[in-house]
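Please have the sequence and the structure open while reading.

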Amino acid sequence: MRPAFVALGANLADPVIQVRAALEALAELSGSRLLRASSLYRSAPVGIRGQPDFINAVAAVETSCGPQEFLAALFDVEARFGRRRDFYHAPRTLDLDLLLFDDLVIDSTRLTLPHPRMHLRAFVIVPLLEIAPQCQIPGRGQAEAWLPAVSMQPIARLVGQPA
């Protein structure tokens with residue numbers, strides 16, 4: 001079993017329900033086990049105007065899959081949730097991003113690990129640190145060191161969520 005971290009986000013079709021259901025879908029992936037999930041967070045779209053806020057979370061998973069196979073499984077979950085890719089940064093019912101997979105560094109046309117912008121997004125770093133405070137990003141160091149870089153991006157933990 002290999003550790004992986006997945007970012008979840010949605011801003012359409014009752015995003016709180018979408019993200020919670022996606023966490024359940026991750027828990028049911030063949031050959032994988034959901035270890036931990038962060039609280040849910042509300043964040044404004046980054047670099048996008050005229051869209052609703054996102055609901056985000058990060059999940060820690062163990063999987064027996066390889067990175068490409070696990071990514072394909074994530075794409076299958078997105079498709080089941082009605083994810084469409086009509087245009088770049090389109091609103092979405094569900095977005096699953098593979099952030100980290102073991103300590104692998106991969107740069108291919110289909111998969112880049114660690115996720116190339118994860119360290120620049122509060123909606124990734126804040127929930128990631130909630131469930132993995134000592135997390136290391138290969139080639140970038142401790143995830144916590146990136147908090148100042150994302151400090152101006154508004155993010156709020158949803159009330160009533162576990163801390």
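## Burial and the cysteines

A residue is called buried when its relative accessible area is under 20%, exposed when that area is over 50%, and partly exposed in between, using a 1.4 Å probe and protein chains only. By this definition Cys 65, with a relative accessible area of 7%, is buried, and Cys 135, at 8% relative accessibility, counts as buried too. A search of the whole structure finds 0 disulfides, a disulfide being a pair of cysteine sulfur atoms within 2.5 Å.

The model is predicted, so local features need pLDDT of at least 70 and side-chain atom pairs count only at pLDDT 80 or more, while totals for chains, interfaces and linings use all residues. Residues are numbered from 1 along each chain as its sequence is written, and side-chain values use heavy atoms, with hydrogens and water left out.

## The nonpolar cores

A nonpolar core is a set of buried Ala, Val, Leu, Ile, Met, Phe, Trp, Tyr and Cys residues joined through side-chain atoms within 4.5 Å. The largest one has 30 residues, and Leu 8, Leu 26, Phe 70, Leu 74 and Leu 98 have the most contacts inside it. A second, separate core of 17 residues includes Phe 5, Ile 125, Leu 129 and Cys 135.

## The aromatic pair

The structure holds 1 aromatic pair, meaning Phe, Tyr or Trp rings (for Trp the six-membered ring) with centres within 6.5 Å, where planes under 30 degrees apart are stacked, over 60 edge-to-face and the rest tilted. Phe 70 and Phe 101 form this tilted pair, at 6.2 Å centre to centre and 50 degrees between the planes, and both residues are buried.
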